Amino acid sequence: MSDPSYEIVIGLEVHVQLQTATKLFCRCSTRFGAPPNTQTCPVCIGLPGSLPVMNRQAFALALKTAVALNCQIPGFTKWDRKQYYYPDLPKGYQISQFDLPMSQHGYLEINDAKGAFAPKRVGILRAHLEEDAGKSMHDELAGKADSRIDLNRTGTPLLEIVSQPDMRSPQEARAYLTELKLLLTYLGVSDCNMQEGSLRVDANINLHVATSQGTVATPIVEVKNMNSFRAVERAMAFEATRQFDVWKDTRIALGAPGGHKTTRGWDEQAQMTRPQRQKEESSDYRYFPDPDLAPVIVTDQQLDAVRADLGELPAALRTRLQTEWGIDAYDADVIVNQGRAFVDYFLALANISGDAKRASNWMQQDVLRVLNERALTIDLFPVSSTSLAQLLKTVQQGELDTSRARDVFNAMAESGDSMPQAMQSLGIQAVHGDELADLCRELLEANPSVVADVQAGKDKAIGALIGQAKRRNPNANPNQVRQLCLELIREQGSAQE
Amino acid sequence: MESMSIHELTATELIQRLESGDLTSVEVVRSFLDRIEQFDEKVQAFLRVESQRALSDAERIDQRRRGGDPVGRLAGLPVAVKDVICTEGQPTTCASRMLQHFTPPYDATVIRRLKQADAILIGKTNMDEFAMGGTTESSTLATTCNPWDLQRVPGGSSGGAAACLAAGMAPLSIGSDTGGSIRQPASFCGVHGLKPTYGLVSRYGLIAFASSLDQIGPLARNAEDLALLLEVLAGHDPSDSTSANLPVPEYSQLVSQPLDGLTLGVVREHFGEGLDSEVQAAVREALRVYESLGATVKDISLPHSRYAIATYYIIACCEASSNLARYDGVHYGYRTDEAAMLADLVAEQRALASRGEATALDDIDSPLVRMYRQTRSEGFGAEVKRRIMLGTYALSHGYYDAYYVKALKVRRLIRNDFDAAFREVDLIAGPVAPTPAYRLGEKTEDPLAMYLGDLYTVSANLAGICALSVPCGLSSDGLPIGLQLQGPPLDEQRLLRAARMYQAVTDWHTRRPEGF
Amino acid sequence: MSLTRQQIVKVSLLARLRLRDDELDRMTDQLDQVVSYMDLLAEVDTEDVEPMAHAVEQTNVFAEDRELPSLDREAALSNSPKRDEQCYRVPAVLGD
């Protein structure tokens, strides 16, 4: 990648299942994981005579996403039939959008908080609403035996988001996917679960090679079967190297004989791409407008309503955390990337505790650690923002040192107890200012030599008192004991003068 | 009342007698079942007759009526259903080998409406395979004959629907019309048939031929019965995105009101070459009848009508090629004998290998693709395959704009012609078909000649307007001739009233084929 | 435009039909005749004419996103020419 003699060019096609209760053209459930062929009806099986009716919510979610992706929304959009034969496509065509998609020409901004690449806009070519196919299952062991077809997924609403070939490195591709997923999650339009297939990625990649005759583009390769964002990143890195090797060998450019687009699949186990079979006539999809569906007209008023209803999106939130709460860019990025609920928790915590910096640190270190350890989401985190804010305040006021506070926090996270309950069960008590002052006075009276040393300029002598203070009251905050003793000695000194 | 004459009563009369208690539904149903028993061996209008079910349904209606329970509009009246409309738990075949053993798990919306009206579904009628044809000869399951001359076709594609009425085997029937498939057989069989405005009757459960052209409609033996059945069939259906969301007029009340100051347009282009002189004479005579009733007849032009056939067959075949893609032997319907297919495939691979041809069979000839191709080639008849091929070709890369898009544009011009015409006239009158019924086998080998026979009917489907066929004469061979009336969108009531006016002063609708 | 037998072979694959040699010959003749007739449309001036894909111009027809019962699995699979307890069965899908 760092080879200066070529540039990587990547475009991504992302299919996202929209989070509707029912399918795009019928009212069967979209729940994942049901036994095969238990969520179908005449419409999604494509039984003769059945007809599709568009799901209002699916269109609304698609529109919301398109607007959030800064797309242009044409006033008129329609659905077309994309025709091909496959056993998991029961009508012999997929209802999709061809020449008049519901949105086009948008962009998504990507950035790397650590500065791995410069911030950029990745163009969105189009985003359109279509139906999913079913699943073909083939038992490899059974050799030439039958494939089995499950149509539960058939007809689930999908938004296909096609980017421009604007990404220039595997990292950028991954950042685009991460940012896109974050946006979709903020919008609440998809659960983006790659394991369950709610988010699927295909990539187109080729190289622009610098030669003495100028820049030459290598043949485009479509890469499929990537099951995680990390796999996308690795597949892109692998492909770039492979394509450059092929180029050095063959010098075949895009569009030259043998330079047509090919398809390869990512082999996760072998960490490499392998060629996939192509169907010669498969590109003739014979699209034509679906006569069973009415086109959709979107008015400016509708778009205004969608915009007004978008809520605060990740990019805007990052800025706000920095400007309104004084969090630095990196921290804002970490918090925002955890999702809207995490941000809301942070905002509540910062607001109640009045200390955004401390709130940010605790969320990133302690809260995230517990969430990761226990594979929880913030909604299920047992400590409320109010409780945690109380703990932070106690720390801030010096009534509890950070290490004790962490014990209290862990106990709260473990049991779901409030701060006082947790402290009680740990035998920890907050030490209030008056109490601590009394303790310090007693210590100074009992240790005149320490007082004398300090007055002589040896502040370090205080150290001897801290151990004693801890023995008398284990909850005493060492820093505060030090501060308070020094202040008391100075007061004494100035009183004597 | 003696059962012999029951079949001669109109549906409207039968309902009156059922309501008054003069007749029971069991008597009515039994009478029609007897007629079917007696005549359908000759006519073969029905693919299936549901005798037991019809009788038990009739008995239940009679009981409800006796008990004073409210009953529906068509309570106890038999209705025959074209076998292109899905009936839950009863085979629905489209007269095709492909769907010979297909039993839908759901009812079409019109079937639900008929059931809600307490109609008795007496059986499913024969048709051209997948409604593609104008003779009912492309049915792979039966050959329906025209009751007026058993050597002749009943027309099509709703041939069984029209023939069963002509032979007095049902008082009402429903068909589907994509390019004339209700009107032309109605004309050939001397009955009434109406193609409603696109969207007036739900298509949900109608097995699609060409989705933007298909409409379900009623066939009957007079205008009142037609109005009554349309009233039951019509209405908004949320399961059909193309269904019109409008209240349904009370056609059965409106039908008897004559029209004052009716202006009929006569299309210049419809009286040219190819029109049989007897048909022309009968239609001209019908126009004189209208004039005698105070109507004005006006010469009009539909300048793009000469392009209607080409436009229609491109659009219809394109849509059909897509609609029929689902018949692939996977989820329902016919599948080729897999063992034999695989054995052939292996043998072919061996033969290729022994000739040293390395190209072997690629995935184009994988077992799956071979299964698709063989299933479809065996499951569909010649005419269906022709239309699938034509549509696939016209939608394929490089031809789409020249054929499909071009046809959609001409379609708009055809619609514009109608809009202009209906600014000048109330209805358009003319022939339904260029000739009376053909002889069996006369047209099967010349597809283009057969397509040209749809010249007068396809425009209404392209434009989405309503049209009906009324019996208006008999040829010298004693074959029925139909008059077509076409009206602006959603103006069915005017069509029906005009048909009723004509019927009130003529007796063509009362003529019955000899021997029936 | 005139249709060649080779085009018909290609279209028959797209349409997933398998035609015998004699069928291919007949199909070529018949479709060539029909397609030639359809070339009649070329003479119509359709400049600035909007294509008319639907018979009635309706827009924005939606259904609410409320679940309704699905078909019983047995009812869904009952018409399948080849199946097991849970699934439709087809000859192996090659390549994937």
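In chain B, 76% of the contacts with a separation of 6 or more come from residues 24 or more positions apart. That is worked out from a predicted model, as is everything else below. The chain is built from 17 helices and 11 strands. Its radius of gyration comes to 23 Å, close to the 24 Å that the globule rule gives for 516 residues, so chain B is as compact as a globular protein of that length. Taken along the principal axes, the C-alpha atoms of chain B fill a box of roughly 80 × 55 × 45 Å.

Of the 516 residues in chain B, 68% count as buried. As for charge, chain B carries 50 positive side chains and 65 negative ones. The centres of these two sets sit 3 Å apart.

How is chain B divided into domains? Domain 1 is pieced together from residues 42-52, 76-268 and 425-510, while domain 2 covers residues 309-392. Where the two touch, domain 1 of chain B puts in 28 residues and domain 2 of chain B puts in 24. Taken over C-alpha atoms, the centres of these two domains are separated by 32 Å.

The contact between domain 1 and domain 2 of chain A takes 8 residues from domain 1 and 12 residues from domain 2.

A:Asp202 is part of strand β11, which runs over residues 199-211 of chain A. Is A:Asp202 buried or exposed? Its relative accessibility is 15%, and the cut-off for buried is under 20%, so A:Asp202 counts as buried. Leaving aside residues up to four places away in sequence, A:Asp202 touches A:Gly11, A:Leu12 and A:Glu13, along with A:Glu222, A:Val223, A:Lys224 and A:Met226.

Back in chain B, a few spots stand out in the backbone. Most residues other than glycine have a negative phi, and most peptide bonds are trans. Against that background, B:Gly156 and B:Ser157 are joined by a cis peptide bond, with omega at about 10°. B:Ser157 belongs to the loop between β3 (120-125) and α5 (159-166) of chain B.

The loop between β3 and α5 of chain B also holds B:Ala131. B:Ala131 is not a glycine, yet its phi is positive, at about 65°. How accessible is B:Ala131? Its relative accessible area is 6%; with buried meaning under 20%, B:Ala131 is therefore buried.

A positive phi turns up at B:Cys94 as well, with a value of about 55°, and B:Cys94 is not a glycine either. B:Cys94 sits in the loop between β2 (78-82) and α4 (109-116) of chain B. With a relative accessible area of 0%, B:Cys94 is buried.

How values were computed. Residues are numbered from 1 along each chain as its sequence is written. Chains are lettered from A and ligands numbered from 1 in the order in which they are written. This is a predicted model: local features need pLDDT of at least 70, side-chain atom pairs count only at pLDDT 80 or more; totals for chains, interfaces and linings use all residues. Side-chain values use heavy atoms; hydrogens and water are left out. Helices (H or I, at least four residues) and strands (E, at least two) are DSSP runs, numbered from the N terminus. The radius of gyration is taken over C-alpha atoms; the globule rule is 2.2 Å times the number of residues to the power 0.38. Buried means under 20% relative accessible area, exposed over 50%, partly exposed in between (1.4 Å probe, protein chains only). Contact means heavy atoms within 4.5 Å. Lys and Arg count as positive and Asp and Glu as negative; His and the chain ends are not counted. The place of a charge is taken as NZ of Lys, CZ of Arg, CG of Asp or CD of Glu. Domain bounds come from an automatic or database domain assignment.
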